[in-house]
Structures are given as C-alpha cells and as structure tokens.
Amino acid sequence: MRKRFTKQACVALAIGVTMLSAIGCSTKTDPEQNAQGEKGNAAQKEVTISLGRVVGSDNKFKNGETIENNVHTKWAKEKFGINFKVDWTVGTGDAYTTKLRLLLNSNEKLPDVFTLSDPTLENQVVDSGKVMDISEAFDKYASPRLKELYAKYPEIWNTVTYDGKHYGLPTFNANSSFSVMWIRQDWLDKLGLQVPKTLDEMETVMDAFVNRDPDGNGVKDTIGLSLSLKKGVTAVKDTFMASSDFLFGQTAIPTYWTEGADGKLQYGSVQPTVKEGLTKLSEWMEKGYLDKDTGIMDEAKAAESFVQGKSGMVFGPTWMASYPFNQDMKFDYKPVPIPAGIDGKMGFGSEPQSSVRFYFNNDFKNMEAFFNYLDAIMGPGFYDPSSELANGWAEGYDYVMVDGKPVYDQDKIPGGWIDVKKYTIYGNDIQTPKKELEVMAKLGQGKTPETPYEMYFSARPKKWAEAAAVLQTYIDDASVFDLYTGPPTATMAQKGELLRKMENEAFLKIIYGQESPDSFDSFVAKWKSSGGDDITKEVNEWYQSFKK
C-alpha cells in the first residue's frame, strides 16, 4: 500500500498554489481571468474523453438525445473540443462502483476519467498503478480560482495523496446546510417560554412541551424532541436529520475522529463527555421527552412527529424546510441556533469536505481540456455571475428567457424541464464550501435577490432561507469535522463492523435504562481491547504522516 503524504508536501503544495493564485487575478477583481475555462480551447485539436456513466431513472432526455449526445455534450465539444465517449452505462451508483471494481480486478481498461466515493476501492485503484499523479497537471492547467480554492482547504488533498503525490482530484461538498434547531414557536408563546440556549433551558422547554398540553387537546400525547437513533448515536455522516450530535458539543462527537490535546486523533465515541451525553439522553427518555421508539426510527420516521404537530423540536439541516416539512404544517415553527452542548460549547458533526474524487487513467493525455471544462462547469459552484451557466445549465431545458430574464417555471419550458447537470462528467453540480449558504442567508435576511442564483433560490421555501441566515451566524465556530479521511485501516476492515455494533448496542442500553451510565466505562475497555487500540494506533500513523 502506498504511504500517505507528509506535512512538508502539504505545506509546499499550499504555498505553491497560494503563490500561483497571487500571480493570477482573484475572482473578485477579474471575472474574465478566472472564467478562463469558459473561453474554451476549441481552437485546439479535438480530444476524446472516455467515461463510464450512471444512467438511472432520474436521467431524462428530450429531442432524441442520449447520455453521450445531448445539449451539454454538444456544448462541451463546441467550447473545448471535447468528445465525450461513453464506454458503458449502468443503472445505479452501486452498480457503477461494482463495474469499476471488476474492471480493476480483471486488469481491463479503466475509463479516461472516473469518479469514486469508496475509500477502499480508491486505495486499490491507486495501488494498482493504473491512475496518474495529477500534481503537475493541476499546477499547470487548473484555473486561478481552482488553485485558490484548493489552497484555502489544503487538507482536502489528504483523501487522494500517497507518498507526496496526488493520485486524484477531490471535489468539494457544499457544507451549507447543517445544523439548526427547528422549534414550535406557537408552543413557546402559549407556554410563556423563550428559545433555549443551553441544555438546562432546553430541558425546561421539553418538560413544558410534554407536560403542559401545548396542543391544547387535553391529552398527554406530545414529545419534546424528535430523534433518530436507529443507526446509533451519530452525526450527519450517518444520520442526515433528526440527529443527536448537537448534545455532545465540540469536545467529542460520537463516531468522529478529532484531535485531542496531545495532537493525536481520538475516537469520539469513547471519550468521557460522550458518557455525559448518553446519561442526559437516558434522563430524557425516562422523563418522556423522547419518543419511546426513537431507537428503531429512521430519519424520516423520526421527523414525522414534528411534521404532524406532535413534537416540539427537531435538529437537522436547513433544507428540511423543503423536505420533510410541507405546506400542510399550519402551525408556527421556526429555525433557531442549536443550544450549547454537554461541554458548554455549540457543536455539530459536519458533513465531510469531500465525498467524491476524480481519478485519471495513466494513459489519459488531455488534462488541459479537462481542467478548462471543469472550471466552466464549476461556475455555478462558485456562484459566478459572469458564468455562461449562471442562468442555468441549458436554455430551453432547465430555464427559459422571458423579457431578458431567466424563468424557471417548469410549465413554461417547451418539451418539459430537464436536469441537464446530470449530463455533466460529474453527474451533478460541484459545489464550493459555504457559497450556497451565503446566497441563501442573504435571502433569509430579507434582501432583494439580484444575481441569477439569488433569483433561482428565491423560489425555495422562505424558511429554508431563514434557516440559512441562522446557521451562518455560527457555522464556522460549531462545525466539527471527522479528521480521519483515509481508507479503512487493516483492523477497521477486520473488526470495524463488530465494534460499531457493540457501540450502538451499548449506547442504546444506556439510553433506554437497561444499563447504568457507568456501563459506558466497561464498553470503552472492551472497545479498546477488542481492536479499538489497534485502530487508534493505525489511524494516528496515518494522521502523523501529515505532520512530520
């Protein structure tokens, strides 16, 4: 297995990229320079890029188009001289990963460019020697704004770097949605309560929501907080809404690897503050603040109680205003900041910075064309008003122009609305961190939409924008990232599933009062002796390689 890169390589890359960004013009001062990819290189010879594609039920076409020949691929050929050649298609993301694994194991040709989100397979792909180190190509061909972005978040390279070389290109997640508290404002008003800012205040509110008949029906049938514990006491990487991670603050988030005082990574689930958090959940369960079935509820089921008006609070992303919330919710609810956790600090488990990475076949010779194209399709991810994709991906497909302005009403698009971004090499839009949050927060602050992106997002539910404005006030201080982003270690691969099952069972027994909170100490000892200590050692060998 190739070794992960050293801190010197990371620092050198960050400095080099920063200098290159300084030499070029910034995105704020010279949109023309930063949109260089959108000028295209059609004057150069045409190039072919072979792909494997997922074509599922959500891929729609019109005008006789296909995944290989459509409005987007025609645009790419005209602008950049790129012919996208689809070698094979599959129907699902899982089938796509399986296909790539079979190609690798049978020593068959991989596509020129492909994406992966499976760290184990990615490690195998790199070890196979079939994909290229892109360090030189990135330095030579990436646009100034791409270099500036990757210099701002140099740790994102950790997912693809071995022996100081970058064997792939990580893409960014939006990091724009997690996490706010949704609360029944009408219940607060009726009971004379204020939005809670601490766990003690939250308990006072939950007790009133459960015991003072907030819905006025004369029946004790309300709960204080909707939670999903079916996948365990986890954060956003496992539970995408109705999560409990806010309770633990910043010191330790269950299932997350974070840096301890000694500079080493520590597994959140075995830290002392988690015991305190589990004790609190056990108390809330005993007092009836939680649904008694929360241990077997998935996210959607857990959120139902809030949607149906039987729960006073639920934690989750800003986009809950669109799903599962709906127009049938006639009561007054609103997004508010999360309260300080068990350690006195606001904290929540953030989504990872990167979930998907590009890889490039060793035989691929057209990195310049790829980077020109990538910069162009990331125009919307940068929310660049000068991007030719600012109004949408293709006129007449996902928008139409009326009186010189883009209109997104699907009923007004001839032949129906088409999600053109699914035709791109990525199969979706590629976001940049917190850019969407900036746009949505501006709308949530009541400002008039001006850019095409703001006008487009203004069609979203108002409460989504309001939640973004709330989240923006603390996201930088409260986000907790899982710092282990490598492939499963040897012991993880062998014992990780068993250890996680042990963890979930131990935690639920504490929460449901089947075991005392002190049983947490026995769990920790067993976790360590059953492979946890070995995993911690392996994780830190990986982590320390970046700090040498």
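1. Helices here are DSSP runs of H or I with at least four residues, strands are runs of E with at least two, and both are numbered from the N terminus. On that scheme, Tyr-383 sits in the loop between α13 (367-377) and β14 (400-402). Tyr-383 is not a glycine, yet its phi is positive, at about 55°. Most residues other than glycine have a negative phi, and most peptide bonds are trans.

2. A word on the basis of this note. This is a predicted model, in which local features need pLDDT of at least 70, side-chain atom pairs count only at pLDDT 80 or more, and totals for chains, interfaces and linings use all residues. Residues are numbered from 1 along each chain as its sequence is written, and side-chain values use heavy atoms, with hydrogens and water left out.

3. Two cis peptide bonds deserve a look. One joins Phe-178 and Ser-179, with omega about 0°. Ser-179 is in the loop between β6 (169-170) and β7 (180-184). Another joins Tyr-323 and Pro-324, with omega about 10°. Pro-324 belongs to the loop between β10 (313-316) and β11 (333-336).

4. Next, helix α4 (residues 71-80) against α13. They pack at an angle of about 125°, and their axes are 11 Å apart. Axes are lines fitted to C-alpha atoms, for helices over the stretch in contact, and angles run from 0 to 180 degrees between N-to-C directions. That angle makes α4 oblique to α13. Angles under 35 degrees count as roughly parallel, over 145 as roughly antiparallel, 65 to 115 as roughly perpendicular, and the rest as oblique.

5. The crossing of α4 and α13 is right-handed. A crossing is right-handed if the near helix is turned clockwise from the far one by less than a right angle, and left-handed if anticlockwise. From α4, His-72, Trp-75, Ala-76 and Phe-80 meet Asn-372, Tyr-373, Ala-376 and Ile-377 of α13. Contact means heavy atoms within 4.5 Å. By class, this contact of α4 with α13 has six nonpolar, two polar and no charged residues. Ala, Val, Leu, Ile, Met, Phe, Trp, Tyr, Cys and Pro count as nonpolar, Asp, Glu, Lys and Arg as charged, and the others, Gly among them, as polar.

6. Helix α5 (residues 93-105) and helix α6 (residues 119-127) have axes that come within 11 Å and cross at roughly 25°. α5 is therefore roughly parallel to α6. Their crossing is left-handed. Thr-97, Leu-100, Arg-101 and Leu-104 of α5 touch Leu-121, Gln-124 and Val-125 of α6. The α5 contact with α6 has four nonpolar, two polar and one charged residues.

7. Helix α10 (residues 199-211) packs with helix α11 (residues 272-286) at an angle of about 15°, with axes 12 Å apart. So α10 and α11 are roughly parallel to each other. α10 passes α11 in a right-handed crossing. Leu-199, Met-202, Glu-203 and Met-206 of α10 make the contact with Lys-280, Glu-283 and Trp-284 of α11. The contact of α10 with α11 divides into four nonpolar, no polar and three charged residues.

8. Last, the second largest pocket. Its volume is about 1200 Å³. A pocket is an open set of points on a 1 Å grid over the protein atoms alone, where a 1.4 Å probe fits, with protein on both sides within 12 Å along at least five of seven lines; lining residues have an atom within 4 Å of a point. Grid points are joined across faces, edges and corners, and a volume is the space filled by probe spheres set on the points.

9. The second largest pocket is lined by 41 residues, with Lys-237, Asp-482, Tyr-484, Thr-485 and Gly-486 nearest its centre. α6, α18 (490-511) and α19 (519-544) each supply at least two lining residues. α18 gives the most, with eight. The lining divides into 18 nonpolar, 13 polar and ten charged residues.
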